[in-house]
There are 2 protein chains.
Amino acid sequence: MGSLADAILAGDRRAAGRLISLAESRTSDARDELEILYRHGGHARTIGVTGPPGAGKSTLVDGLIARLRARGLTVAVAAVDPSSPYSRGAVLGDRVRMMRHADDAGVLVRSMATRGALGGLSAATGDAITIFDAMGFDIVIVETVGVGQSEVDIVGHTEAVLLLQTALGGDDVQAIKAGVLEIADIMVVNKKSAPGSDRMARFLRESLHDRPLRPDAWTIPVLLAEASEETGLDEVIDALFGRLDHNRQDTHMSAIRRRQAAAHLTALADVEIRTLMRRLIAGQTRPEAWQAVLERRSGPYSLAARLFEQLR
Amino acid sequence: MGSLADAILAGDRRAAGRLISLAESRTSDARDELEILYRHGGHARTIGVTGPPGAGKSTLVDGLIARLRARGLTVAVAAVDPSSPYSRGAVLGDRVRMMRHADDAGVLVRSMATRGALGGLSAATGDAITIFDAMGFDIVIVETVGVGQSEVDIVGHTEAVLLLQTALGGDDVQAIKAGVLEIADIMVVNKKSAPGSDRMARFLRESLHDRPLRPDAWTIPVLLAEASEETGLDEVIDALFGRLDHNRQDTHMSAIRRRQAAAHLTALADVEIRTLMRRLIAGQTRPEAWQAVLERRSGPYSLAARLFEQLR
């Protein structure tokens, strides 16, 4: 125990990949290694990039990597792509992107397997951040498709959330429904030469204007970009650094650290409860408390409340 | 305490509505009432109806209500519609549907509020079933839009899951991505006069044929219907009763009760952890265990594991 963690702390990339794979099976071994690494972390700055399918997230992230490297910063990317188990999109996308940065020791891109991680993607994201952070990467980017609550959970691990939109396909409505708007720190309308992009940016600015001031007093910038032509990316980088600098203020940092730790603990608790429930369903374990619920001598309401008593 | 529960056990519908509203705020008062009602339940048969937007779920449910009433069964419906907070669709849909059955004491339709229940919809569904079951309804139908993990969680509360599809708009891919296929007991291709419906039914049958036998040895029927013309509904009812009869066998019933109780407990634990985390984020509470994680003296991994120790 601790040997994988030691290798990872020494910068071993293959060990990092092995632990991510191991963590996906959520064994107690992986947990112990991650626990060690977590205690060594807390230094990396974290960026979440989310948005609907086809918004150009991967292209944008690729451009961000190049610019961050130009500033001398090392970058790790966790690409969480909840695509169909029948699709090989994630693996392929990885390779395409890796090619450009493959020989750069300051860049690490990892696609998170979504197969078998149902409900556990947010935990896997926390694991990847824990690992990359412990390895000493300056910036960790989490890229995910923003279409539902689970993706909101995923970017909750990061301290600067960039929401990518386009004027195509009525994506504004989709983002609003998903609650993604609620967690964005920076909004970028990509494919700005597409018709309606200016209107989209205006719509977003007006929507934001109508909302109450955020507790952290952050004003959300709305930018236009054309990631495939590397246009507007400097403004995006400036906005991201503006956000990271803003977070550096003591009062904000403490709130952000609480939010990140909460996202992590929520994700892990979610995995724990689902794993436990699968065992209970399979009849592999039957503690008295659970048996009483099945026989309706007591209810799940008091049992759930009791479970969390120690943290209340 | 217990007064609302007493009224609900006596069949008071307004008390039932009040407790559902109260439960949405997840106060400990509501919890105590629900705990009492839960112990009185376990008799209702539960049916989940899910599928993509526009598949015709509400029309189908309306037809099912009429047919179940014709068999002398009482029916309660919990309509979980996670529509935008800006939309009034759920409320309106309720009224339209209620009109036909408004004077029938054997029917109760309730739309679950989704505003503010983010992440708590599955718990709210469990609450509604607990209440309707305690009131003595023979059948409880849960209707939800099947587009993601949270909807999979929601129909997990029921013992017969009907997945409604149409040949329109590539919904087959959507259902596969959402993992909804994994939990369906009965599949219905609605709007069967639409082009491609037969092909869609064939695609579903072939997909099912390739899968291993289910642990409960249930063969999933694939039916065609035109709910708006009440065509094919008798076959749907027969399939549903086939499923309910199948479940009545002792070995299956025990597995189903375990699954339902697990869905309930998972939903409640999820709400507990999210409520707790919101308080932690807001800095309203700081137990030592949590403080240690924030200061990286320990990690969220050991904390999450400790939380669930007592049920392991």
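**View 1. Helix 10 meets helix 11 in chain A.** In this predicted model, helix 10 (residues 233-248) of chain A packs against helix 11 (residues 250-281) of chain A at an angle of about 100°, with the axes 5 Å apart. That makes the two helices of chain A roughly perpendicular, a label for angles of 65 to 115 degrees. Axes are lines fitted to C-alpha atoms over the stretch in contact, and angles run from 0 to 180 degrees between N-to-C directions. Helices here are DSSP runs of H or I with at least four residues, strands are runs of E with at least two, and both are numbered from the N terminus. Residues are numbered from 1 along each chain as its sequence is written, and chains are lettered from A in the order in which they are written. Local features need pLDDT of at least 70.

**View 2. Two partners for strand 2 of chain B.** Strand 2 runs parallel to strand 3 (residues 107-112) of chain B, joined by six bridges; pairing takes at least two DSSP bridges. Here B:Val80 sits opposite B:Met112. Strand 4 (residues 139-145) of chain B also pairs with strand 2 in the parallel sense over six bridges, and B:Ala76 faces B:Val140 there.

Technical notes. Predicted model: local features only at pLDDT ≥ 70, side-chain atom pairs only at ≥ 80, totals over all residues. Parallel < 35°, antiparallel > 145°, perpendicular 65-115°, else oblique.
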